[in-house]
Amino acid sequence: MGSTSDLDVMSAAIETLAEFGIGFEKRVISAHRTPDLMFEYAKTAKERGISVIIAGAGGAAHVAGVVAGLTTVPVIGVPIRTQTMGGLDSLLSIVQMPGGVPVATVAINGAKNAALLAVSMLAISDESLGQKLVEYRKKQTEKVLKAEI
(Lines give C-alpha, C1' and ligand atoms only; values in the text may rest on other atoms or scores of the structure.)
Protein backbone atom coordinates (compact mmCIF):
# COMPACT_ATOMS: atom_id res chain seq x y z
CA MET A 1 0.00 0.00 0.00
CA GLY A 2 1.10 3.56 -0.60
CA SER A 3 0.83 4.69 3.02
CA THR A 4 -0.21 3.49 6.46
CA SER A 5 -3.52 5.32 6.05
CA ASP A 6 -4.46 2.73 3.41
CA LEU A 7 -4.40 -0.11 5.96
CA ASP A 8 -8.00 0.41 7.05
CA VAL A 9 -9.16 -0.48 3.54
CA MET A 10 -6.47 -3.01 2.70
CA SER A 11 -7.18 -5.00 5.88
CA ALA A 12 -10.13 -6.55 4.02
CA ALA A 13 -7.66 -8.11 1.57
CA ILE A 14 -5.43 -9.25 4.42
CA GLU A 15 -8.34 -10.92 6.22
CA THR A 16 -9.63 -12.58 3.04
CA LEU A 17 -6.23 -13.98 2.04
CA ALA A 18 -5.76 -15.30 5.58
CA GLU A 19 -9.22 -16.91 5.46
CA PHE A 20 -8.10 -18.88 2.39
CA GLY A 21 -4.75 -19.77 3.95
CA ILE A 22 -2.75 -17.78 1.43
CA GLY A 23 0.60 -16.43 2.58
CA PHE A 24 1.22 -12.77 1.87
CA GLU A 25 3.45 -9.80 2.52
CA LYS A 26 2.09 -6.47 3.66
CA ARG A 27 4.25 -3.46 3.01
CA VAL A 28 4.03 0.28 2.79
CA ILE A 29 5.95 1.37 -0.29
CA SER A 30 5.32 4.77 -1.82
CA ALA A 31 5.79 5.30 -5.54
CA HIS A 32 6.76 8.89 -4.81
CA ARG A 33 8.52 8.80 -1.44
CA THR A 34 10.40 5.50 -1.75
CA PRO A 35 10.81 4.90 -5.50
CA ASP A 36 14.04 2.91 -5.10
CA LEU A 37 12.35 0.53 -2.67
CA MET A 38 9.38 0.18 -5.02
CA PHE A 39 11.72 -0.62 -7.91
CA GLU A 40 13.54 -3.28 -5.87
CA TYR A 41 10.30 -4.79 -4.54
CA ALA A 42 8.67 -5.08 -7.95
CA LYS A 43 11.78 -6.27 -9.78
CA THR A 44 12.39 -9.10 -7.29
CA ALA A 45 8.76 -10.13 -6.71
CA LYS A 46 8.70 -13.09 -9.08
CA GLU A 47 12.03 -14.53 -7.92
CA ARG A 48 10.81 -14.23 -4.32
CA GLY A 49 7.83 -16.44 -5.17
CA ILE A 50 5.13 -13.78 -5.33
CA SER A 51 2.39 -14.86 -7.73
CA VAL A 52 0.00 -11.88 -7.53
CA ILE A 53 0.41 -8.35 -6.18
CA ILE A 54 -2.47 -6.39 -4.69
CA ALA A 55 -1.58 -2.70 -4.63
CA GLY A 56 -3.75 -0.15 -2.87
CA ALA A 57 -3.32 3.61 -2.94
CA GLY A 58 -5.31 6.80 -2.89
CA GLY A 59 -4.97 10.13 -4.66
CA ALA A 60 -2.46 9.89 -7.49
CA ALA A 61 -2.46 6.13 -6.77
CA HIS A 62 0.63 5.28 -8.79
CA VAL A 63 1.63 2.21 -6.76
CA ALA A 64 -0.18 -0.36 -8.91
CA GLY A 65 0.88 1.16 -12.21
CA VAL A 66 4.53 1.57 -11.30
CA VAL A 67 4.70 -1.98 -9.96
CA ALA A 68 2.98 -3.34 -13.08
CA GLY A 69 5.55 -1.57 -15.23
CA LEU A 70 8.38 -3.30 -13.38
CA THR A 71 7.17 -6.92 -13.13
CA THR A 72 5.33 -9.58 -15.10
CA VAL A 73 3.55 -10.72 -11.93
CA PRO A 74 -0.18 -9.89 -12.23
CA VAL A 75 -1.09 -6.69 -10.37
CA ILE A 76 -4.51 -5.89 -8.93
CA GLY A 77 -5.08 -2.24 -8.09
CA VAL A 78 -7.30 -1.09 -5.23
CA PRO A 79 -8.27 2.57 -5.49
CA ILE A 80 -8.63 4.06 -2.01
CA ARG A 81 -11.39 6.58 -1.25
CA THR A 82 -10.09 10.12 -0.85
CA GLN A 83 -11.63 13.20 0.72
CA THR A 84 -10.93 15.33 -2.31
CA MET A 85 -12.75 13.34 -4.99
CA GLY A 86 -14.22 10.38 -3.12
CA GLY A 87 -11.71 8.01 -4.70
CA LEU A 88 -12.55 8.82 -8.32
CA ASP A 89 -9.05 10.28 -8.65
CA SER A 90 -7.58 7.00 -7.39
CA LEU A 91 -9.80 4.87 -9.62
CA LEU A 92 -8.95 6.80 -12.76
CA SER A 93 -5.24 6.78 -11.94
CA ILE A 94 -5.22 3.00 -11.61
CA VAL A 95 -7.62 1.97 -14.35
CA GLN A 96 -6.17 4.12 -17.15
CA MET A 97 -2.94 2.25 -17.75
CA PRO A 98 -1.30 2.42 -21.17
CA GLY A 99 -1.63 -0.53 -23.52
CA GLY A 100 0.84 -3.27 -22.69
CA VAL A 101 0.99 -2.56 -18.94
CA PRO A 102 -2.26 -3.96 -17.51
CA VAL A 103 -3.51 -3.54 -13.97
CA ALA A 104 -6.65 -5.40 -12.96
CA THR A 105 -8.70 -2.82 -11.08
CA VAL A 106 -11.47 -3.30 -8.53
CA ALA A 107 -13.98 -0.83 -7.12
CA ILE A 108 -13.04 2.03 -4.83
CA ASN A 109 -12.13 0.47 -1.45
CA GLY A 110 -12.65 -2.97 -3.05
CA ALA A 111 -9.80 -4.72 -1.24
CA LYS A 112 -11.88 -7.82 -0.44
CA ASN A 113 -12.69 -8.32 -4.12
CA ALA A 114 -9.03 -7.78 -4.98
CA ALA A 115 -8.15 -10.64 -2.65
CA LEU A 116 -10.89 -12.85 -4.11
CA LEU A 117 -9.61 -12.09 -7.61
CA ALA A 118 -6.12 -13.10 -6.47
CA VAL A 119 -7.57 -16.30 -4.99
CA SER A 120 -9.24 -17.04 -8.34
CA MET A 121 -5.94 -16.52 -10.17
CA LEU A 122 -4.04 -18.77 -7.79
CA ALA A 123 -6.78 -21.42 -7.84
CA ILE A 124 -6.16 -22.02 -11.55
CA SER A 125 -3.11 -24.10 -10.61
CA ASP A 126 -4.09 -25.12 -7.06
CA GLU A 127 -6.97 -27.60 -6.89
CA SER A 128 -7.26 -27.38 -3.10
CA LEU A 129 -7.54 -23.61 -3.22
CA GLY A 130 -10.06 -23.93 -6.03
CA GLN A 131 -12.21 -26.14 -3.82
CA LYS A 132 -12.03 -23.58 -1.00
CA LEU A 133 -13.23 -20.95 -3.45
CA VAL A 134 -16.14 -23.16 -4.53
CA GLU A 135 -17.12 -23.63 -0.88
CA TYR A 136 -16.83 -19.89 -0.22
CA ARG A 137 -19.18 -19.17 -3.12
CA LYS A 138 -21.64 -21.84 -1.95
CA LYS A 139 -21.76 -20.20 1.49
CA GLN A 140 -22.47 -16.84 -0.13
CA THR A 141 -25.34 -18.36 -2.10
CA GLU A 142 -26.76 -20.07 0.98
CA LYS A 143 -26.62 -16.84 2.95
CA VAL A 144 -28.60 -14.99 0.30
CA LEU A 145 -31.17 -17.77 0.01
CA LYS A 146 -31.69 -17.78 3.79
CA ALA A 147 -32.07 -14.01 4.01
CA GLU A 148 -35.41 -12.78 5.21
CA ILE A 149 -36.72 -9.25 5.05
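The largest pocket has a volume of about 590 Å³. A pocket here is an open set of points on a 1 Å grid over the protein atoms alone, with protein on both sides within 12 Å along at least five of seven lines, and lining residues have an atom within 4 Å of a point. Grid points are joined across faces, edges and corners, and the volume is the space filled by probe spheres set on the points.

This is a predicted model, in which local features need pLDDT of at least 70 and side-chain atom pairs count only at pLDDT 80 or more, while totals for chains, interfaces and linings use all residues. Residues are numbered from 1 along each chain as its sequence is written, and side-chain values use heavy atoms, with hydrogens and water left out.

**Stop 1: the pocket.** Select Glu 25, Tyr 41, Val 52, Ile 53 and Ile 54, which lie nearest the centre of the largest pocket among its 27 lining residues. Then colour helix H1 (7-19), helix H2 (35-44), S1, H3 and H5, the elements that give two or more residues to this lining. Helices (H or I, at least four residues) and strands (E, at least two) are DSSP runs, numbered from the N terminus.

**Stop 2: the sheet.** Show the strands next. Three of them form an open sheet in the order S1-S2-S3, with parallel pairing. The edge strands are S1 and S3, each pairing on one side only. Two strands pair if DSSP finds at least two bridges between them.

**Stop 3: S1 beside S2.** Select residues 53-58 (S1), which pair with S2 in the parallel sense over six bridges. Going along the pair, Ile 53 stands opposite Val 75, Gly 56 opposite Val 78, and Ala 57 opposite Pro 79. Five of the six residues of S1 are buried, so this strand is largely enclosed by the rest of the structure. Buried means under 20% relative accessible area, exposed over 50%, and partly exposed in between (1.4 Å probe, protein chains only).

**Stop 4: Ala 57.** Stay in strand S1 and pick Ala 57, which is buried at a relative accessible area of 5%. Beyond its neighbours within four places in sequence, Ala 57 is in contact with residues including Gly 2, Asp 6, Val 63, Ser 90 and Ile 94. Contact means heavy atoms within 4.5 Å.

**Stop 5: the S2 strand.** Select residues 75-80; six of the six residues of S2 are buried. Val 75, Gly 77 and Pro 79 cover one side, and Ile 76, Val 78 and Ile 80 the other; all are buried. From S1 the chain reaches S2 through helix H3 (residues 63-70), in a right-handed β-α-β crossover. Right-handed means that, with the strands pointing away from the viewer, the path from the first strand over the helix to the second runs clockwise.

Stop 6: Helix H5 (residues 111-123) lies across S1, S2 and S3, at about 175 degrees to S2. Axes are lines fitted to C-alpha atoms, for helices over the stretch in contact, and angles run from 0 to 180 degrees between N-to-C directions. Finish in helix H1 with Glu 15, which is exposed, with a relative accessible area of 54%. Draw a C-alpha to C-alpha distance from Glu 15 to Ala 111: the two are 96 residues apart in sequence and 9.8 Å apart in space.

Notes: 1 Å grid on protein atoms, 1.4 Å probe; cavity = no way out; pocket = protein on both sides within 12 Å on 5 of 7 lines; lining within 4 Å.
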